[in-house]
Amino acid sequence: MKIAYSLFDPSGNITALVQTDTDKKLYAEISKEILKIEPAAQQVGFVENGNLYMSGGEFCGNASASLACLKLKNSGEDPKNIKAYSFEVSGAGETVKTAVKKNSENEFTASVDMPIFKEIIYKEFDIGFDKLNLPVIKIPGIYHIIISQNLEKSLAEKLIKMWCNKLNADALGLMFFDEQRAFLKPLVYVKAVDTLYWESSCASGTAALGFYISKKYESKVSLNISEEGGTLTVDAAPSGKVRLTGNVRFIGNKEFIFNE
């Protein structure tokens with residue numbers, strides 16, 4: 001079976017979007033093949049009837065932004081103004097609204113209205129030699145933990161899987177945040193496909209951070225968060241409404257033969 005996919009770069013978080021209709025049972029296998037072919041890629045989503053389904057069933061803001069850019073690119077339009085798109089995204093539990101503007105042939109600026117954030121809970125986590133009381137932000141499809149402490153890379157990779165099971169989450173992000181530098185380093189684990197990446201940027205994690213800060217100060221915030229792959233802008237309110245904005249680059253359309 002020939003699988004066609006498009007490759008996007010939303011702030012360094014390289015994303016493959018499969019446009020070939022495929023059986024959901026094959027998502028995990030196809031994703032593994034694409035991640036082998038595209039070693040820079042960090043996640044795979046599947047476009048079905050204009051909607052987005054991630055390979056692990058998680059929610060992904062960067063993939064949502066990428067799909068908005070794909071829709072605009074496929075439309076053949078060259079709008080001077082912002083174009084709005086709404087579609088379903090796995091894990092979201094609601095229709096996701098996006099807005100995209102074409103800056104050049106392959107460069108876009110996209111915004112995503114994230115699923116409403118409802119609460120922050122604090123849980124105690126064992127890190128072997130100590131215990132940490134950390135904020136956990138839940139959104140449909142993924143949980144995020146905001147953490148200011150530095151942990152050894154191998155320890156963090158071990159703990160994220162343990163903590164994901166402890167929280168009974170489908171996916172978990174550890175958002176290592178340096179407040180002085182406004183710098184975020186995301187580690188994301190998706191249980192269903194057993195993928196673990198130090199991501200160049202994480203849209204949902206950045207949004208969770210924005211919500212956490214807005215709740216901390218009980219006021220609306222607009223923050224520019226630096227990450228390895230670039231800068232994401234998050235506008236967040238204590239009510240749970242969060243919008244994320246960043247640049248997205250179209251890399252190209254590709255295909256391969258998948259043997260079932």
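Is Glu38 buried or exposed? Glu38 is buried, at a relative accessible area of 10%, where buried means under 20%, exposed over 50% and partly exposed in between (1.4 Å probe, protein chains only). The views below come from a predicted model, in which local features need pLDDT of at least 70, side-chain atom pairs count only at pLDDT 80 or more, and totals for chains, interfaces and linings use all residues. Residues are numbered from 1 along each chain as its sequence is written, and side-chain values use heavy atoms, with hydrogens and water left out.

**View A. Lys254 and Glu38 meet in a salt bridge.** Their closest N and O atoms are 3.1 Å apart; a salt bridge here is a side-chain nitrogen of Lys or Arg within 4 Å of a carboxyl oxygen of Asp or Glu. Lys254 sits in strand β16 and Glu38 in the loop between α1 (27-37) and β3, so the pair ties together parts 216 residues apart in sequence. Helices (H or I, at least four residues) and strands (E, at least two) are DSSP runs, numbered from the N terminus.

**View B. Arg249 and Asp9 form another of the 12 salt bridges in the structure.** The N to O distance is 3.2 Å. This pair links strand β16, which holds Arg249, to strand β1 (residues 2-10), which holds Asp9, 240 residues apart. Arg249 is partly exposed at 34%, while Asp9 is buried at 14%.

**View C. Arg243 in strand β16 pairs with Asp113 in strand β7.** Look for a salt bridge of 2.6 Å, N to O. Arg243 has a relative accessible area of 35% and Asp113 one of 25%.

**View D. The largest cavity holds about 170 Å³ of space.** Closest to its centre, among 21 lining residues, are Gln43, Glu58, Val188, Val190 and Glu199. A cavity is a set of points, on a 1 Å grid over the protein atoms alone, where a 1.4 Å probe fits but cannot get out; lining residues have an atom within 4 Å of a point. Grid points are joined across faces, edges and corners, and the volume is the space filled by probe spheres set on the points.

**View E. The second largest cavity holds about 70 Å³.** Its 14 lining residues include Asn62, Ala65, Ala110, Leu244 and Gly246, the closest to its centre. Strand β16 gives the most to this lining, with five residues.

Key:
1 Å grid on protein atoms, 1.4 Å probe; cavity = no way out; pocket = protein on both sides within 12 Å on 5 of 7 lines; lining within 4 Å.
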